[in-house]
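This briefing is intended for reading alongside the sequence and the three-dimensional view.

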Amino acid sequence: MTTALPAADPAAPPRARRLPRAAAFWTLTATLLAFMAAAAAPSPLYVVYQAEWKFSATTLTVVFAVYALALLAALVTVGALSDHIGRRPVLAAALIAQVAAMLMFVAADGVGWLIAARILQGLATGTATGAISAGLVDLQPPHDQRLASLVNSATPGIGLGAGALGSGLLVQYAPAPTTLVYWLLAALCALAVAGILAMPETSARRPGALASLRPQVSVPRGARRTFLLIVPSLIATWGVVGLYMSLGPSLAAGVLGVRSHLVGGLVVFALMAASATAVIATAPRRPRPMMIGGSIVLAAGLALTLTALATTSTPLFFTATVISGLGFGAAFLGAFRIAASLAEPARRAALFATVYTLSYLAFSLPAIAAGIATTHIGLRDTADVYGGAVIVLALLAAGGLLLNRSTAGNPPQS
């Protein structure tokens, strides 16, 4: 069910012309794409920063992870704000903050600037995430009730992959490698502000805005058992993203001996392009088989990744990365589609904030632990432990669904 647009007041003055619903839907999609591309853009640059400013692997993963932790802070405070004050003002504010973060990256001349820029970027992305996800559900065509879930699941992978690859290309071949990508992203986000302001509002103002800022996670009471069954899948899938985005470029350079900055971007791109492909290919399937099959493929891909690292085989490493990405995309789409069916329209942003809170905890905390472990047990051993833990989680996710057919089998389609 989609949310009806607020009815116009006949006595009110004429409003500015708004985008049609279809155009607004794809404007939101492009905005999500911009946020995700910006999130991945620093990844190929981490090794450049590390070489220039001489900081440790632990510091590198802290720079990586503060983004996700700041994102979580925004999700659990302002994640549901758009349910009360509207999608447009929340998204416009988030985009302005994102532009400021990109300019901080341009000005960065040390680790402190990087950390500050990543924190502001995380706050901006966390503020926007729930509003975008809910807005896409609000605006999806009435005849296609799966489109919002498809876009919400496929676009992050496309954006993260494009951001990492584009950044890698610019670092390797373009002038001003540590600033050009951020200028381009700042311009893109500034343009997105105009698009958001031209959208129709899909969430009427309602009381409770201040109360919604109180940190909380929210899952409808009657849906909690079903939601718990998708938790292992959320942790496993985003744990894989954390592994590749925090350690992927370093593994390519330190274990496989590939020194090109472009390859660092290609590692993330291979994972995310495969993820988006899986999302599109499995979209017609029901969520339960998607989650089960995706989790099994994810575990197999990670097992091959660890084999590639043990044998220092670059072709096998990239093949395994693609397989892992296919598993990630299918498993996450299944989980997201189940979650999307669990909340009424007025509670969508809060529920999506909960989904992303769990996802980004899995994305960030293990990466910090991995950075610390790398300094003690080495890069490859850290990857073995990290990858092994995610394999176990992925298999538990598939097993849990197989053992709970009636609960997680066929939730209503969102």
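The structure holds 1 salt bridge. It is formed by the side chains of Arg-87 and Asp-138, at 3.0 Å from N to O. The two partners lie in distant parts of the chain, 51 residues apart: Arg-87 belongs to helix 5 (residues 87-107) and Asp-138 to helix 6 (residues 111-139). The model described here is predicted.

**The salt bridge in its setting**

- Side chains of opposite charge can pair when their charged atoms come close.
- Arg-87 and Asp-138 are both buried.

**Overall architecture**

- The protein contains 16 helices and 0 strands.
- Of the 414 residues in the protein, 56% are buried.
- Among contacts in the protein with a separation of 6 or more, 87% are between residues 24 or more positions apart.

**The nonpolar core**

- The largest nonpolar core has 121 residues, and Tyr-360 and Phe-363 have the most contacts inside it.
- Helix 10 gives the most to this core, with 15 residues.
- Tyr-360 is in contact with Met-36, Tyr-67, Ala-68, Leu-71, Leu-72, Leu-75 and Trp-238, leaving aside neighbours within four places in sequence.

**Aromatic pairs**

- The whole structure contains 10 aromatic pairs.
- In one of them, the ring centres of Phe-25 and Trp-26 are 4.9 Å apart and the planes stand at 85°, so the pair is edge-to-face.
- Phe-25 has a relative accessible area of 2% and is therefore buried, whereas Trp-26, at 47% relative accessibility, counts as partly exposed.
- Trp-238 and Phe-363 also form an edge-to-face pair, with 6.0 Å from centre to centre and 85° between the planes.
- This second pair links distant parts of the chain, 125 residues apart, with Trp-238 in helix 10 and Phe-363 in helix 14 (residues 348-377).
- Trp-238 and Phe-363 are both buried.
- Ring pairs join Trp-238 and Phe-363 with Phe-328, Phe-332 and Phe-336 into a cluster.

- Ser-233 lies in helix 10, which spans residues 224-254.
- With a relative accessible area of 1%, Ser-233 falls under the 20% limit and is therefore buried.
- Beyond residues up to four places away in sequence, Ser-233 touches Met-291, Ser-295, Ala-331, Ala-335 and Ala-397.
- Gln-98 lies in helix 5, and at 0% relative accessibility Gln-98 counts as buried.
- Not counting residues up to four places away in sequence, Gln-98 touches Phe-35, Ala-38, Gln-121, Ala-124, Thr-125 and Cys-189.
- Gln-98 and Gly-122 are 24 residues apart along the chain, and 8.6 Å separates their C-alpha atoms.

**Nonpolar surface patch**

- Leu-69, Leu-361 and Leu-365 make a nonpolar surface patch of about 220 Å².
- Leu-69 lies in helix 3 (residues 57-78).
- The relative accessible area of Leu-69 is 33%, so this residue is classed as partly exposed.

**Loop residues with positive phi**

- Lys-54 has a positive phi of about 55° although it is not a glycine.
- Lys-54 is found in the loop between helix 2 (46-53) and helix 3.
- Lys-54 has a relative accessible area of 69%, which is over the 50% limit, and is therefore exposed.
- Thr-312, a residue other than glycine, likewise has a positive phi, near 50°.
- Thr-312 lies in the loop between helix 12 (287-311) and helix 13 (314-340).
- At a relative accessible area of 43%, Thr-312 is partly exposed.

Conventions: Residues are numbered from 1 along each chain as its sequence is written. This is a predicted model: local features need pLDDT of at least 70, side-chain atom pairs count only at pLDDT 80 or more; totals for chains, interfaces and linings use all residues. Side-chain values use heavy atoms; hydrogens and water are left out. Helices (H or I, at least four residues) and strands (E, at least two) are DSSP runs, numbered from the N terminus. Buried means under 20% relative accessible area, exposed over 50%, partly exposed in between (1.4 Å probe, protein chains only). Contact means heavy atoms within 4.5 Å. Patches are made of residues with over 30% relative accessible area and no salt bridge: like charges are joined within 9 Å, nonpolar side chains (Val, Leu, Ile, Met, Phe, Trp, Tyr) within 5 Å. Accessible areas come from the Shrake-Rupley method with a 1.4 Å probe; for residues, only the protein chains shown count as cover. A salt bridge is a side-chain nitrogen of Lys or Arg within 4 Å of a carboxyl oxygen of Asp or Glu. A nonpolar core is a set of buried Ala, Val, Leu, Ile, Met, Phe, Trp, Tyr and Cys residues joined through side-chain atoms within 4.5 Å. Rings of Phe, Tyr and Trp (its six-membered ring) pair if their centres lie within 6.5 Å; planes under 30 degrees apart count as stacked, over 60 as edge-to-face and the rest as tilted.
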